[in-house]
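Let's take a look at one protein model and pick out a strand and a pair of helices. Keep the picture open as you read.

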Amino acid sequence: MSRAARDTLDLAFVMPLQGSAGIYGASCESCATLAVEELNAGSGLLGREVRLTVVDGAAPPKVVADQVDALITMGAVDAVTGWHISAVRREVARRTVHRVPYVYAPLHEGGENTPGVFMAGETPASQLVPAMRWMTSQLGARRWLLVGNDYIWPRLTGTAARAEARRAGTPLLREVYVPLGTTDFSRVLHEIEVCGADSVLMLLVGQDGVEFNRQFAEWGLVGTVERLSPHVEENMLLAGSGAANTGLFAAAGYFDGLNTTQSLEFAARYYQRFGAGAPPLNSIGESCYEAMLLLARLVTRAGSLDVHRMIAAAEGLVYEGPRGTVRMNGNQLEQSVYMAVAQELEFDIQDQLTSV
């Protein structure tokens with residue numbers, strides 16, 4: 001059935017169902033479901049009921065893009081959103097350009113300018129760089145080793161980290177990139193000891209980060225070397241252990257323990273809907289809700305799903321959500337960013353790094 005013939009507004013929701021990022025899947029789906037239910041409790045979007053079509057974002061990038069392309073070509077979906085890695089986004093964006101709007105949920109490396117792609121997540125300039133400066137001023141971090149997965153986001157975020165370290169007069173000691181799905185980090189841990197790093201910048205996805213943290217603790221580095229990640233979240237803490245999480249710092253626009261009116265109201269609605277045993281709230285799951293909220297605001301303001309009208313509608317858009325006040329700057333959503341430290345299986349907010 002063509003898009004014009006349907007009385008529903010259907011979204012391709014691209015989320016990880018397997019692999020290293022599969023640990024995030026349940027939280028992503030629950031947060032997106034809540035967003036859809038809240039929209040449909042009103043008038044939906046453009047007076048149409050909103051529905052999700054799940055696409056496995058953990059498949060190879062071209063496979064994901066082919067599936068999204070087929071859905072668009074068949075007229076089965078009106079827009080694309082969800083959480084998936086940047087390598088997938090780049091392939092998908094080539095298929096959505098000038099066809100349907102695409103709201104990308106995750107933190108990212110910056111520089112995405114494909115027409116009709118709207119970015120809901122944090123960038124290195126707003127998240128990583130202020131966090132590195134906080135680690136230096138508060139903890140004396142000066143000798144950094146970077147470990148990341150070997151794809152676009154860690155590589156380009158590593159470029160930002162390298163530039164910040166040089167600006168501070170403390171060039172990165174090492175950069176180590178490993179394939180997604182890595183389970184043995186002994187080589188990296190050996191590098192940490194050999195180079196004398198006092199801090200590690202972790203750009204590892206999901207289960208890879210869990211495995212690194214476990215082995216980091218087994219290696220005896222907890223308490224002697226600090227860790228900072230813009231990507232670690234509550235699912236990863238639960239999959240680790242109190243010992244492995246001790247002294248782990250994170251920077252993000254949202255944490256389950258964020259004590260603001262907007263975040264507390266969001267958490268109350270979430271746990272009322274899914275119960276005390278719901279998948280944990282975290283920056284990654286909430287980013288899927290945030291992307292849905294951004295899509296809804298853009299569509300409502302534009303009065304249309306037309307890509308060019310939505311691009312115009314993004315100019316000057318400001319609204320309130322679980323992350324507080326957010327605003328659009330070009331195709332990028334700007335938001336406040338917070339610093340937190342893991343206390344066993346939870347995060348304790350330490351500071352606000354940036355504000356909107």
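How many bridges join strand β6 to β8, and do they run parallel or antiparallel? There are 5 bridges between β6 (residues 144–149) and β8, and the two strands run parallel. Bear in mind that this is a predicted model.

## A strand under cover

Let's stay with β8, which spans residues 199–203. This strand is mostly covered, with 5 of its 5 residues buried.

In a regular strand, side chains alternate between the two faces of the sheet. You can follow that here: Ser-199, Leu-201 and Leu-203 point one way from β8, while Val-200 and Met-202 point the other way. Whichever way they point, all of these residues are buried.

## Neighbours of β8

How does the chain get from β8 to β9? What it passes through is helix α7 (residues 206–218), and this β-α-β crossover is right-handed.

Next, find helix α3 (residues 86–96) and helix α5 (residues 152–167): their axes come within 7 Å and cross at roughly 110 degrees. Angles of 65 to 115 degrees count as roughly perpendicular, so that is how α3 and α5 sit relative to each other.

Who makes the contact? From α3 come Ser-86, Ala-87 and Arg-90, and from α5 come Ile-152, Trp-153 and Leu-156. Sorted by type, the residues of this contact are 4 nonpolar, 1 polar and 1 charged.

Technical notes. Residues are numbered from 1 along each chain as its sequence is written. This is a predicted model: local features need pLDDT of at least 70, side-chain atom pairs count only at pLDDT 80 or more; totals for chains, interfaces and linings use all residues. Side-chain values use heavy atoms; hydrogens and water are left out. Buried means under 20% relative accessible area, exposed over 50%, partly exposed in between (1.4 Å probe, protein chains only). Helices (H or I, at least four residues) and strands (E, at least two) are DSSP runs, numbered from the N terminus. Two strands pair if DSSP finds at least two bridges between them. A crossover is right-handed if, with the strands pointing away from the viewer, the path from the first strand over the helix to the second runs clockwise. Axes are lines fitted to C-alpha atoms, for helices over the stretch in contact, and angles run from 0 to 180 degrees between N-to-C directions. Angles under 35 degrees count as roughly parallel, over 145 as roughly antiparallel, 65 to 115 as roughly perpendicular and the rest as oblique. Contact means heavy atoms within 4.5 Å. Ala, Val, Leu, Ile, Met, Phe, Trp, Tyr, Cys and Pro count as nonpolar, Asp, Glu, Lys and Arg as charged, and the others, Gly among them, as polar.
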